[in-house]
Amino acid sequence: MELKQPAFLPTTRQEMRALGWEALDVLLVTGDAYVDHPSFGAALLGRLLVARGLRTGIVAQPRWTTPEDVSRMGRPRLFAGVTAGALDSMLAHYTAFRKKRHDDAYTPGGRAGARPNRAVIVYSNLVRQAFPGLVVILGGIEASLRRITHYDFWSDSLRRPILLDAKADLLVWGMGEAPLIAVARTMLQAEESGMVPDLTGIPGTAWMGGPEQVPEGQAVLELPSHESIQQDPRLLMQATLASEHHVQRGDAWAVQPVSGRTLLLAPPPPPPTSRQLDEVFELPFSRRAHPGYTEAIPAEEMMRWSVNTHRGCGGGCSFCSLALHQGRRVASRSRGSILREVRSLTRMPGWTGSISDVGGPSANMWGARCTLDPSRCTRASCLFPAVCPGFRVDQSAGVELLREVARQEGVRHVRVASGIRHDLALQDPQALKALTMEFTGGQLKVAPEHLSERVLRGMRKPAREVFERFLEEFRRHSQAAGKEQYVIPYLISAFPGCTDQDMRELADWLRSRGWTPRQVQCFIPTPGTVATAMYFTGLDPEGNPIHVARSDAERLRQHGILCPERGRKPVRGQGPERRDNPQQGGKPQRDEKPGHGRKPQRGEKPGHGGKPQRDEKPGHGARPQRPGRPTSGREPMPDGAGRGHKPDRGGKPGREARSPERQPGPRRAPDPAKSQPPGRPSGTRTPSGQARKNQGRRGPGRRR
Ligand code: SF4
């Protein structure tokens, strides 16, 4: 059915009626505010579904005390899709030291508190409560990265695949377009034939079933069962590496036994073609927040005039969720489509002539491709320990694209604000020269992340010498252009394998150059990554024991070596008592004892974090958060559609209460003396030679 694209997707029954829609076909529930921009997953998928003739509505940041918001447009005909938004809700709510954040770039006013903890589970429950029997599909970064057994930093525990906790019918992992369209098609066919829809086997999805559902003759990656990982935490590394390989390989199924059932993951869909990406990005987005909002949404401001050129990143950094979500195969838009989008920007209200960013997860990977056979690839990174001979990217073509963008009528400035891969940049001196001289805008973001060789190996990042060479080239070209320009290095403290000595080495290097680092993130073990498995198991991917800074005291200490103002002592009530457990963190640190540091602040009551999972059921966790002061927000992280994220850079330790979800988990710190290399996932190979973001608030449906 032909369906006209509305100015905004409907968020209320009144808006539905204005469009002449009596009912929805698909309902999307999201933890982000509704901004009609392709960097917002729900907006992009909603527009795509409308383009396929499906009447799609959005409920953004619903109240979780009642199903009223979720049900306000009535029961959708086919299914409901649920996402936490562009960030994992726990990452959105808590800092690297498990302190509450005050800000949320994806919420009106930039305030935290508009979505619940573990939003995917809560929203799924709300939908089932509102519409019993309706097919519920999970998606977005939170669901995607929690699709198998994973370590949850905020509760310090292993959690089972999120499908089981959310009790949803299906989980879409990775990019959502193709799977969601396939689901809609299946549902429509079932409706026509009067049959029960069979949603199993759709590429890019996971569901609970039985091993017999794997088609005969298909390659299968068998992940350790959830229960076996609970018994032997070292198996988390095996499961994580297998999951990473599952995405890269592209032609295998994956299964994980859990609670007497089987989690099945179909192979990923093929990366989108340029034509498919073009179609999606050229949908008629207004690039604005829904007019129902009365306060600015920081992420909208940050992204309105940015242009996304590609998806995926060959880097495969061990701490980054991209490899598990978008994958390492880069999918790029066509030059023509990017230029058409730029021209459309210049005709929009509020256009100032500046494009804030033209890029993707790594800005200099537009057009990158594997000239070998990626399905047979056993490397964990296309760039580490050295750029793979099969990895090809014409960076000069990327620069020429930027020049063409800059030549468009009405365009005065073009910047590349996405980070670039400096090792890759060195491979094309002319492109680096042009990027430095023409499009840097005074500051260039680069992510060496560290400079200690051992830490870099664990991160799957290029060696220090590569970064130094890059700096020299950047300095030379900036000087030649007569510009005073700076590299903004992104750095990580307390990475698994990193010691105080490694941090001092990094600090000394920075000091020797007179640099004061501004972008330092204390490592956050986000769900699903290899680095998180390293943090949890105390092993590198080859099974060798590594030092892990686990206690808040040590993490703060490492952080403080680079950022002295942030490395203050933790204080009573701020959360390190868990570390007093010799099972988990060894002997209590001096800094962890009560009596050191400042007085507890309001809301820091010890013991406040006891009860787990309160927020997961509708009706709980409903108290409105105290609004924090609006901030400029953090780097955005991609959802089903957006650009690549920078691993969240976190904030300084806050002054509010500890995470309410800390619970004694089943985790046992592995005894290094007994450490064995984790077994290899069936059909996979351990990578060799490499170790690799209110009630009372205003929004659609909650108007004044
Ligand atoms: S063969 Fe090389 S370029 Fe291709 S996916 Fe593997 S590492 Fe990347």
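Which residues surround the ligand?

**View 1. The surroundings of the ligand.** In this predicted model, the ligand is surrounded by G314, R328, C370, L372, P374, C377, R379, C382, C388, G390 and F391.

**View 2. The open sheet.** An open sheet is formed by 9 strands, arranged in the order β2-β1-β3-β4-β7-β8-β11-β10-β9. The pairing within this sheet is mixed. Strands β2 (56–60) and β9 (220–222) are the edge strands, and each of them pairs on one side only. On average, neighbouring strands of the sheet are turned by 25° against each other, with direction ignored.

**View 3. The pairing of β8 with β11.** Strands of a sheet pair through backbone hydrogen bonds, in either a parallel or an antiparallel manner. Strand β8 (residues 205–209) pairs with strand β11 (residues 261–265) in the antiparallel sense, over 4 bridges. A206 has L265 in β11 as its bridge partner.

View 4. Residue V82 belongs to strand β3 (residues 79–83). Why does V82 count as buried? V82 counts as buried because it has 32 C-beta neighbours inside 10 Å, and the cut-off for a buried residue is 20 or more. Leaving aside residues up to four places away in sequence, V82 touches V29, V120, Y123, S124, V127, V136, I137 and L138. V82 and V172 are 90 residues apart along the chain, and their C-alpha atoms are separated by 9.9 Å.

Note on methods: Residues are numbered from 1 along each chain as its sequence is written. This is a predicted model: local features need pLDDT of at least 70, side-chain atom pairs count only at pLDDT 80 or more; totals for chains, interfaces and linings use all residues. Two strands pair if DSSP finds at least two bridges between them. Helices (H or I, at least four residues) and strands (E, at least two) are DSSP runs, numbered from the N terminus. Axes are lines fitted to C-alpha atoms, for helices over the stretch in contact, and angles run from 0 to 180 degrees between N-to-C directions. A residue is near a molecule or strand if its C-beta atom, placed from the backbone, lies within 6 Å of it. A residue is buried if 20 or more other C-beta atoms lie within 10 Å of its own, exposed if 12 or fewer, and partly exposed in between; C-beta atoms are placed from the backbone. Two residues are in contact if their C-beta atoms, placed from the backbone, lie within 7 Å.
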